[in-house]
Amino acid sequence: MASLPSTMKGVIIEKTGGTEVLQYKTDIPVPSPQEGQLLVHNDFVGVNYIDTYFRTGLYPPPSFPYTLGREGCGTVQKSGGGETYGLKEGDKVVWMSEGAYGEYTAAPAAKAAKVPDGMDSKIGAAALLQGLTALTLIREAHHVNKGDWVLVHAAAGGTGLWLCQLLKAVGANTIGTASTPEKIDQAKKAGATHMINYSQEDVKTKVMELTKNQGCIAVFDGVGKSTFDLSMDCLARKGSMISFGNASGAVPPINIARLNAKNARLMRPTLFNYIATREEFEKYTNELFQFILRDKMNVRIHEVYPLSQIAKAHSDLEGRKTTGKLLLDPSK
């Protein structure tokens, strides 16, 4: 490998708040990989809703200055020693860790995987966090079986499009919600069996009509506060309410007795607790790559933003102006 620079382009925050707290800098020190870490030169970095939670302070950053971002795809430049799971200099890898918004990241080898031959770096960066989120939701949060009726809110969002495709692959009947004809069309193309325009139709009425008044055995809700009550209303008896995001704000505390009416299950899972071990990470990453390559899944990329336009990327994501994945190009 060529000699490494001492500084890099990156984005930090020194306090929480709106997009104005995002600071694009060109003189951030290149991190030094510690034992068990790989220094990766990032081709592309993924933008996820969780990044906005850390920026606003909904999830408190561990310290300041803090570098946002949770995933990327690039080339291993250097190892910090220790266990690297067979990954070495020159390998093209996808990885999950903190500190993604920069040209280089010191990523844990335990959360890195070699990109399969024939898979583009953009696809790798766009697929990992949202694809693994969707896959673990339908495998572990509620194991979806063929023929199950499932409701997916924000079906044209990044994770929503993954859920539509994966649920189709396992043979579920997917009801999606979205707010515009364009988003409805995207989710249908991704595999949603039925779509409801929540700005024009009553979602609960339509769900009950489609399910013959049974409701859905699982609801995957990444929206949060504004859809929680609706999601509970749409559940079938013995159904699973899977609340996995806060796009509209955090869900207020609820009375647990509310679950009595339908013997409902309520979960608030996070991806990282499903892939905590190396074995779990490898299992689901390999399965995700198989789905992409074998089932020709469409890893929809909304736009690739220069890293210097990070504020616009966050604004677009929070403003519901996007369908699919937002990526950053750290070289710009």
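Reader: Between which two strands is the loop in which Tyr85 lies? Please continue from there to the largest pocket and the helices that line it.

Author: Tyr85 lies in the loop that runs between S4 and strand S5 (92-96); helices (H or I, at least four residues) and strands (E, at least two) are DSSP runs numbered from the N terminus. The model is predicted, so local features need pLDDT of at least 70 and side-chain atom pairs pLDDT 80 or more, whereas totals for chains, interfaces and linings use all residues. Residues are numbered from 1 along each chain as its sequence is written, and side-chain values use heavy atoms, without hydrogens or water.

Tyr85 is not a glycine, yet its phi is positive, near 55°. Another loop, between H1 and strand S4 (71-79), contains Pro65. The peptide bond from Phe64 to Pro65 is cis, with omega near -5°.

The largest pocket has a volume of about 1100 Å³. (A pocket is an open set of points on a 1 Å grid over the protein atoms alone, with protein on both sides within 12 Å along at least five of seven lines; lining residues have an atom within 4 Å of a point. The volume is the space filled by probe spheres, of 1.4 Å, set on the points, which are joined across faces, edges and corners.) It is lined by 49 residues, and Tyr49, Ala154, Gly222, Val223 and Ala247 are the closest to its centre. H2 (121-141) contributes most to this lining, with five residues. H1 and H8 are among the elements that each supply at least two. By class, the lining has 23 nonpolar, 19 polar and seven charged residues (Ala, Val, Leu, Ile, Met, Phe, Trp, Tyr, Cys and Pro are nonpolar; Asp, Glu, Lys and Arg charged; the others, Gly among them, polar).

H1 (residues 49-56) and H8 (residues 310-318) also meet each other: their axes come within 10 Å and cross at roughly 110°. (Axes are lines fitted to C-alpha atoms over the stretch in contact; angles run from 0 to 180 degrees between N-to-C directions.) The two helices are therefore roughly perpendicular, a term for angles of 65 to 115 degrees. Tyr49, Asp51, Thr52, Arg55 and Thr56 of H1 make the contact with His314, Leu317 and Glu318 of H8, contact meaning heavy atoms within 4.5 Å. Two of these residues are nonpolar, three polar and three charged.

Conventions
Angles under 35 degrees count as roughly parallel, over 145 as roughly antiparallel, 65 to 115 as roughly perpendicular and the rest as oblique.
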